[in-house]
Protein chains: 4
Amino acid sequence: MVYSLDFVVRDYECDLQGIVNNANYQHYYEHTRHQFLLENNISFAKLHEENIDFVVARATMSFKRPLKSGDKFVSELSFVQEGIKYIFYQKIYSLPDRKLCNSAQFDCVCLCNGKLSTCDLLTDFVKKFSEK
Amino acid sequence: MVYSLDFVVRDYECDLQGIVNNANYQHYYEHTRHQFLLENNISFAKLHEENIDFVVARATMSFKRPLKSGDKFVSELSFVQEGIKYIFYQKIYSLPDRKLCNSAQFDCVCLCNGKLSTCDLLTDFVKKFSEK
Amino acid sequence: MVYSLDFVVRDYECDLQGIVNNANYQHYYEHTRHQFLLENNISFAKLHEENIDFVVARATMSFKRPLKSGDKFVSELSFVQEGIKYIFYQKIYSLPDRKLCNSAQFDCVCLCNGKLSTCDLLTDFVKKFSEK
Amino acid sequence: MVYSLDFVVRDYECDLQGIVNNANYQHYYEHTRHQFLLENNISFAKLHEENIDFVVARATMSFKRPLKSGDKFVSELSFVQEGIKYIFYQKIYSLPDRKLCNSAQFDCVCLCNGKLSTCDLLTDFVKKFSEK
């Protein structure tokens, strides 16, 4: 695990079942990835302005335990590079009991001027951080 | 009323109270304005690409009756121009009983290259449609 | 394919990259499943009131082509039951060109009074509809 | 001002104009109200389970300066009770420069078992906190 970010559930994220709506986990995971990059001086928004779009190619999520109104949780991340893919392994644990709520894998790729390619900025960054 | 658009409530728009979350009414109203413009050949996205940003300056919404899972409704719109402001009067009625669920006013303005100004495209359009 | 539902992209569903944000595909897919059930007299909201919660256990999505402002698309669905799992195969195609934009699998389960179990209502329904 | 809560903009909250979509301000304001109540032992979710629904009757928002990707901001709140209405005055300032981005008023009411009424729990609470 190379990065973690704390959250609290916001009531508007819960649906009529009284639990966090599934799509919001994708939001939590995206925000975690982007904050991780931002704290390492890589801005998703600035990349876009430079015609480098960092996009998700494939997502897998396992919903283990639902989060509810008032819950606190931590979102954890590790990642590796495999060719042109940047693979993020992400997990969400409730706090303070650290029970696994959700685990996910996001395969991301870079589009530079609309073309699939590696991105030096990200490759250098990944080299620094990847867990072997 | 110069435009109307039919909707059904989507379950993910409901919150833990089992009713449509307040913020989604802003989504419904925005989508209605944008579809109205689009059907008159004005694309919010294309305007943005031409550095013309059509933005809300002020919003007022009255929540009369909550919409729930499974509800159908119609979103209606009329508007006038007052100087640099484009004022949209919008209402949402449940279907088929046409009970008033929400009424709203959105004061919009144009930013051309970041500067507040009238926009010929919109002014011509408003002239054509405004209800006196 | 046993069910399809037409959509238009709503501008608020697009993010700063100018394309539909990933999490919204989960919304599209959920709305498609729920409308499909609703048109067969199974209400996700009513199930919840009867303490039957139909939840996603696992989701896999492949992002092939991004949807953009103004795009129309169709969301298609088929499904099978495997033990206690209800597996939905879902695809999104842009319209009118029917290019594949997203394909997904959602493994759903039923919680009756909080306990994992099959649900007669759904099992009967699946029997009727499943594609062999 | 009786309560304040710090936020960072999440990229998925920005729309194709590259700024926070209007509806998300309602989310920020709602989360601020609910966290304020929660830190004073009033849970929006628990109120709902006891058939007390705290709802917005009217909302007014002025959009002064847009928030963007990477921005930090503080959401501030004060409130008064007027008869059956609980009126929240809320403001959002960018950080660290404290420029006013959005100001709003939310008139809330209580539905006890579906009937409009004052709620002892909230009235006692308001008495303690209201700014004169």
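Predicted model: local features only at pLDDT ≥ 70, side-chain atom pairs only at ≥ 80, totals over all residues.
**Notes on how chain C meets its neighbours**

1. Eight residues of chain C touch eight residues of chain D. Since 100% of the interface residues of chain C are also interface residues in chain D, the copies meet through the same surface.

2. How much area do chain C and chain D bury between them? About 520 Å², and 70% of it is on carbon and sulfur atoms. Look at C:Tyr12, C:Asp15 and C:Leu16: this trio supplies 63% of what chain C buries there, more than any other three residues.

3. On chain C's side, three residues are nonpolar, three polar and two charged.

4. Next, turn to chain A. Here 22 residues of chain C are in contact with 22 of chain A, and the buried area is about 2200 Å², with 49% from carbon and sulfur atoms. C:Leu16, C:Gln17 and C:Gln26 supply 25% of chain C's part, more than any other three residues.

5. Across chain C and chain A there are zero salt bridges but 16 residue pairs in polar contact. Strand E2 of chain C gives the largest share of its side, eleven residues.

6. Finally, check the strands: E2 of chain A and E2(C) run antiparallel, joined by five bridges. A:Thr60 stands opposite C:Thr60.

Notes
Residues numbered from 1 in each chain as written. Chains lettered and ligands numbered in written order. Heavy atoms only, no water. Contact = heavy atoms within 4.5 Å. Buried area = accessible area lost by both parts, 1.4 Å probe. Nonpolar A, V, L, I, M, F, W, Y, C, P; charged D, E, K, R; others polar. Salt bridge = Lys/Arg side-chain N within 4 Å of Asp/Glu carboxyl O. Polar contact = N/O pair within 3.5 Å; in protein donor to acceptor, adjacent residues only side chain to side chain. Helix = DSSP H or I, 4+ residues; strand = E, 2+ residues; numbered from the N terminus. Pairing = 2+ DSSP bridges.
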